[in-house]
Structure formats: structure tokens, C-alpha cells
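Reader: I am new to protein models. Please show me how to read one.

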Amino acid sequence: MARRSNARFGNADYGIWYRFAAVLVKPVTIALAKAEWHGWEHLPEEGGFIAAVNHNSVIDPVFYAHWQYNSGRPPRILGKSSLFSIPFIGFMLRKTGQIPVFRESTDAAEAFRAAIDAINRGQCVQFYPEGTLTRDPELWPMTGKSGAARVALMTGAPVIPVAHWGAHEIIPPYGRGAKGGKGKYHLFPRHRVVVAAGPAVDLSKYQGQELTAQVLRDATDDIMAAITAVLEEVRGERAPAERYDMRRAAKERAAAAEAKRDRAAEDGGR
């Protein structure tokens, strides 16, 4: 059973709205899951840092936030901008200093500027480097996007890999079960949910280099490999040698569909 909080960081200044949010959220996570928290010893005691987290259920942020809150280093979570327009939820997200991400718009860079500013003020900023729920059939981390790596290399902040496991049993991703079949919400009985951190990712070889596309890809791959290593330990399994690539999979599906149409056209012309 995990400790309730990390005494090393017990004097963190959360603010009234963060504490109010915790009063609302913690009973939900306690009711839904037998939570296990691990890895707080890897979090910096002071100074800004990035928490890079895998993502396999829409309810992941609730458990991650509980884990991070109990560590004594309250997070600034990058969330979809649409969440900020939901009554009350949006109000609480803004009051607790969370960061909206405006996808596919001219405001997209605002999230990165806000993340850099928060890190420079000594705060924890959380990224889901995959950018969305994993599409991997076995729920392993996919290839990542470069945002976390870019912010880390621009600020010099340490990147702490964090792994979720178990929330997908409560709310499966995209309405499917862990093995790809159709899934339903399973709120009870309580499920085991683990959130664990590993040692900071070593990005020292990239420091001082120009932030080219290749450098960002390589640094992102290192971050995703570190998250996967923590998740392997949590799951007691080995991840596939090749990481699932959502873009490549989409191209393969499109090519297969086009080939099928071509065959149908040929058959129809006979």
C-alpha cells in the first residue's frame, strides 16, 4: 500500500483552489481503485521539471493528479483546450493553473510558452508525449511527439518518466478492452491502479545541440523508452521491440483500403 503523501515535500504551497480540487477528486480515486503510488524518490525536491506520462484511459489524469499531488509537487497539466470550456471543470482547471493545449490552431505555441514559464518558476509540468490515448493493441506507449523533448532541451529541466497502469480496466480506451475487444465501464469492484516514476531521462548528449528535427526525434525516443521501461516493471512484461507508430499504421490502413478498392474494381470489370 502506498504512503498517503511524501513527507519530504510536505511544505509545498498548493493554494486554496488546488486543495479544494483535491477534496473533490481524491474521494473519486479512492472509491474507484486500490491505488499504488511508487517512485516519488525520483522527483526533484526543488526546481522545475517535466513529468512525461503514458496514456491509456481518459481517466488517467485523475489518478496521475492524485499521485503527483501526494508527492508534494503539484502538477501543471497540459490538457485539451475543449476541457476548459466545460462549466465548472474549466473554472477549476484555470484556478489550479493547468495549461490548455489548442491543437491545430495559431494558439498551439501558447501551451509551450506557458510550460516553459512554469518550469522557469520551479514548477512541475506534465506532458502526455503520445499526444492522445495509445492505439497500441496491448496498450504499450506509442511513438511520441516532440513537445516534451523540446521544452526539456530549451529549459534544461529534468524529465521524469511516469507510467500509469490499471485505469484502462475502469474505462477502456476508445470503448475497447485491453486486448482490443469491445469494452464497457467497470467502476466496481475497485481495480488496482499503479502510478510509478523512474529515474530522470539522460538527455545530456543533446544539450547545446541545435534543435533539429532529428535531435528532437532522438530525444523523444529516449523519453518514450524510459516511460516504457517503467511500465514494463509495473506490468511485469516486456514491451514489443518496435513501438506502435500511429501515422505509419494509418498509412498502412489507407494503402490496404486502396488495394482492396483496386481489386474490387478489377473484379467488377471482368
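Reader: In what order do the elements of the protein chain run from the N terminus on?

Author: Two notes come before the answer. This is a predicted model, so local features need pLDDT of at least 70, side-chain atom pairs count only at pLDDT 80 or more, and totals for chains, interfaces and linings use all residues. Residues are numbered from 1 along each chain as its sequence is written, and side-chain values use heavy atoms, with hydrogens and water left out. Now the elements. Helices (H or I, at least four residues) and strands (E, at least two) are DSSP runs, numbered from the N terminus. Here the order is α-β-β-α-β-α-β-α-β-α-β-β-α-α. That comes to 7 helices and 7 strands.

Reader: How many residues does the protein chain have, and what percentage is buried?

Author: Start with the term. Buried means under 20% relative accessible area, exposed over 50%, and partly exposed in between (1.4 Å probe, protein chains only). The protein chain has 270 residues, and 45% of them are buried.

Reader: What share of the contacts with a separation of 6 or more comes from residues 24 or more positions apart?

Author: A contact means heavy atoms within 4.5 Å. In this chain the share is 76%.

Reader: Which strands pair with S5?

Author: The rule is that two strands pair if DSSP finds at least two bridges between them. Strand S2 (residues 49-53) pairs with S5 in the parallel sense over 4 bridges. S3 also pairs with S5 in the parallel sense, over 3 bridges. Ala-52 stands opposite Phe-127 in S5. Ile-77 stands opposite Gln-126 in S5.

Reader: Are the faces of strand S5 covered or uncovered?

Author: Both faces of S5 (residues 124-127) are covered. Cys-124 and Gln-126 lie on one side, Val-125 and Phe-127 on the other, and all are buried.

Reader: What is the volume of the largest pocket, and what lines it?

Author: Work on a 1 Å grid over the protein atoms alone. A pocket is an open set of points where a 1.4 Å probe fits, with protein on both sides within 12 Å along at least five of seven lines. Lining residues have an atom within 4 Å of a point. Grid points are joined across faces, edges and corners, and a volume is the space filled by probe spheres set on the points. The largest pocket has a volume of about 1,700 Å³. It is lined by 48 residues, and the closest to its centre are Ile-77, Leu-78, Gly-79, Lys-80 and Leu-83. H1 gives the largest share of this lining, 7 residues.

Reader: How do the residues of that lining divide by class?

Author: Ala, Val, Leu, Ile, Met, Phe, Trp, Tyr, Cys and Pro count as nonpolar; Asp, Glu, Lys and Arg count as charged; the others, Gly among them, count as polar. The lining of the largest pocket divides into 32 nonpolar, 9 polar and 7 charged.

Reader: How much space lies in the second largest pocket?

Author: About 480 Å³. Of its 16 lining residues, the closest to its centre are Thr-143, Gly-144, Lys-145, Arg-217 and Arg-247. H6 gives the most to this lining, with 5 residues. By class, the lining has 4 nonpolar, 4 polar and 8 charged residues.

Reader: Which residues other than glycine have a positive phi?

Author: Most residues other than glycine have a negative phi. Phe-88 has a positive phi of about 70°. Leu-139 is another such case, with phi near 65°. Phe-88 is in the loop between S3 and H3, and Leu-139 is in the loop between S5 and H5.

Reader: Is each of these buried or partly exposed?

Author: Phe-88 is partly exposed, with a relative accessible area of 48%. Leu-139 counts as buried, at 1% relative accessibility.
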